[in-house]
Amino acid sequence: MAEIEAAQPAQVDVSKSSNDPAEGYEKKCIFCKIVNKEMGTELLHCDEEISCFRDIKPGAPHHYLIVPTKHVGNCKSLRKENVPLVKRMVETGKEILQKNNITDLNDVRFGFHWPPFCSVTHLHLHVLAPASQMGFMSRLFYRLNSYWFITADQLIELLNSKGDTN
């Protein structure tokens, strides 16, 4: 019996190896690759919970994407217990704007594309400023009160109401 055990390779938890991606990593997700520094994209903020980088197709002079560092599905997959994460994403967005001398938060848009209108299924908050300088197409893509875009405040309200209906 000892011979059989010795013949089998030892099981190693490779997910915790320093060369392998961390738990919560989806290998086909472009945002997971960016957060794990596989794409050469500059991270403006990165901690255990939240990461931030510039949008590849900016819709405003300042267009940032705030993402959970670990893979989280789109906003339809969220529950009431995810409200603190969404709030933290918004706070990180505000911090990034302040670092870039954007102080008028009345001329900023914080929101999420509503599935199926998401190009990437990794949860991501769009932070656009100044909203007054968005072009025609950006005003359409990031339009308030549309079927395809929901503000961070609307998402938080929706998630908080999920607990009330059960």
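**The pockets and their surroundings**

By class, the lining of the largest pocket is made up of 14 nonpolar, 7 polar and 3 charged residues. The model is a predicted one, and the volume of this largest pocket comes to about 550 Å³. Its lining counts 24 residues, and those nearest the centre of the largest pocket are Asp 55, Ile 56, Lys 57, Ser 119 and His 126. Three elements, namely H2, strand E2 (50-54) and H4, each contribute at least two residues to the lining of the largest pocket, and H2 provides the largest share, with 3 residues.

The second largest pocket has a volume of about 250 Å³. It is lined by 14 residues, of which Val 90, Lys 94, Phe 110, Ala 152 and Asp 153 are the closest to its centre. Here helix H3 (83-99), E4 and helix H5 (152-165) each supply at least two residues of the lining, with the largest share, 4 residues, coming from H3. Sorted by class, the lining of the second largest pocket holds 8 nonpolar, 1 polar and 5 charged residues.

Thr 151 belongs to strand E6 (residues 149-151). Is Thr 151 buried or exposed? Its relative accessibility is 15%, and because the cut-off for a buried residue is under 20%, Thr 151 counts as buried.

Pro 115 and Pro 116 are joined by a cis peptide bond with omega of about 15°, and Pro 116 is placed in the loop between strand E4 (109-113) and strand E5 (125-129). A cis peptide bond also runs from Ala 129 to Pro 130, where omega is near -20°; Pro 130 is found in the loop between E5 and helix H4 (136-141).

Positive phi values occur as well. Asn 145, which lies in the loop between H4 and E6, has a positive phi of about 55° although it is not a glycine. With a relative accessible area of 63%, Asn 145 is exposed. Lys 37, found in the loop between helix H2 (30-35) and strand E1 (45-46), has a phi near 60°, again a positive value in a residue other than glycine. Lys 37 is likewise exposed, its relative accessible area being 62%.

A word on confidence belongs with this reading. The mean pLDDT of the protein chain is 86, and 84% of its residues reach 70 or more. Over residues 1-21, however, the pLDDT is below 50, and beyond near neighbours in sequence this stretch has 4 contacts in the model.

Notes: Residues numbered from 1 in each chain as written. Predicted model: local features only at pLDDT ≥ 70, side-chain atom pairs only at ≥ 80, totals over all residues. Heavy atoms only, no water. Buried < 20%, exposed > 50% of the residue type's maximum accessible area, 1.4 Å probe, protein only. pLDDT = per-residue confidence, 0-100. Contact = heavy atoms within 4.5 Å. 1 Å grid on protein atoms, 1.4 Å probe; cavity = no way out; pocket = protein on both sides within 12 Å on 5 of 7 lines; lining within 4 Å. Points joined across faces, edges and corners; volume = space filled by probe spheres on them. Nonpolar A, V, L, I, M, F, W, Y, C, P; charged D, E, K, R; others polar.
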